[in-house]
Amino acid sequence: MKIPKKFEMLVCNGLVDEVVSQLMSGKEAEVYVVRSLGELRCAKVYKDSDHRSFSSQARYQEGRKVKNSRQARAMGKNSKFGRKELEGAWQNAEVDALQRLAAAGVRVPQIFSYAGGILLMELVTDGNGNNAPRLNDVTLTAAQALEYHRSLISQIVLMLCAGLVHGDLSEYNVLVGSDGLVIIDLPQAVNAAGNNNAASMLLRDVSNVTAYFGRFAPELIGTDYGREIWKHYASGKLSPETRLTGRFEQSSVPADVRGVMRDVESARRWHELTIGNAQKER
Ligand SMILES: Nc1ncnc2c1ncn2[C@@H]1O[C@H](COP(=O)(O)OP(=O)(O)OP(=O)(O)O)[C@@H](O)[C@H]1O
Ligand SMILES: [Mg+2]
């Protein structure tokens, strides 16, 4: 196909030889198959913030580290500079998350480069070398659904052990690659420790995948891996080896609401302090 203008820089610096086809144009990005240094790769071209919802980003941004106080102030306002900064942070968040998760052993596409608002990454393929289908596009047997569910739950645990919650995990953001499931689409990934919405996002991620696999293996419907995983995480006991049962028992001990509020406040102060120190160091 004709090379879109946005690829000029990557073509000039030799990273892209050819744009083969467009895979899709979604809410946040356009995704292409490109030939890069002789290999087929995937290029994700981010849309600029004017074409995306600004306000919905706020709850994901909470707890992310920013470069300096000017950036932080700008991002807090809906100014032109603020939008640009927020957009950069949003896009970089996907690159950061992909790097952190790959290092933690989560199966995500391998990154090749990120320049000019274009992320070049591994093209996840099926057994025939074509771009892999999304989970939503395949029909599963009950046994496959149980196996995929088990595998995604352990990926979710690995992600949380690396300090991240996907935040938009569903059958639309998991590819069925030739070597198993691959998790994609991470610009909204949240820091588990610094974001008040992290627990609810983790529960939503787990319930999305459980509901999906539950269509093929109904015994999954009654499970509650989400709250079980979060309970282990919140008590500092979650590890990739943690044995999960899918059951969650509510404690019969009355909740210590004041104690929880004290913990939340001290975590908030600690978080502000570390951001403040990081900014002073820059
Ligand atoms: N590394 C990859 N390998 C193969 N296909 C990919 C890859 N990354 C993305 N895709 C394809 O492109 C589609 C969109 O990618 P992604 O979900 O990252 O973008 P998005 O703009 O957030 O899309 P949406 O709004 O649909 O969630 C995916 O559903 C998948 O079909
Ligand atoms: Mg997506």
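**Exercise 1.** Find which residues of H5 and H6 meet, and work out how the two helices are oriented.

*Solution.* Start with the pairing: Ala145, Tyr148, His149, Leu152, Ile156 and Leu160 in H5 meet Leu202, Asp205, Val206, Val209, Thr210 and Phe213 in H6. (Ala, Val, Leu, Ile, Met, Phe, Trp, Tyr, Cys and Pro count as nonpolar, Asp, Glu, Lys and Arg as charged, the others, Gly among them, as polar.) Now the geometry: the axes, lines fitted to C-alpha atoms over the stretch in contact, with angles from 0 to 180 degrees between N-to-C directions, come within 10 Å and cross at roughly 170 degrees. H5 and H6 are therefore roughly antiparallel, the word for angles over 145 degrees.

A note on the source: this is a predicted model, where local features need pLDDT of at least 70 and side-chain atom pairs 80 or more, while totals for chains, interfaces and linings use all residues. Residues are numbered from 1 along each chain as its sequence is written, and chains are lettered from A and ligands numbered from 1 in the order written.

**Exercise 2.** Find what Ile156 contacts beyond its neighbours within four places in sequence.

**Exercise 3.** Describe the shell around ligand 1 by residue class and by strand.

*Solution.* By class, the shell has 13 nonpolar, 3 polar and 6 charged residues. By strand, S1 (18-25), S2 (29-36), S3 (39-46) and S5 (118-122) each supply at least two residues.

Technical notes:
Helix = DSSP H or I, 4+ residues; strand = E, 2+ residues; numbered from the N terminus. Contact = placed C-beta atoms within 7 Å. Parallel < 35°, antiparallel > 145°, perpendicular 65-115°, else oblique.
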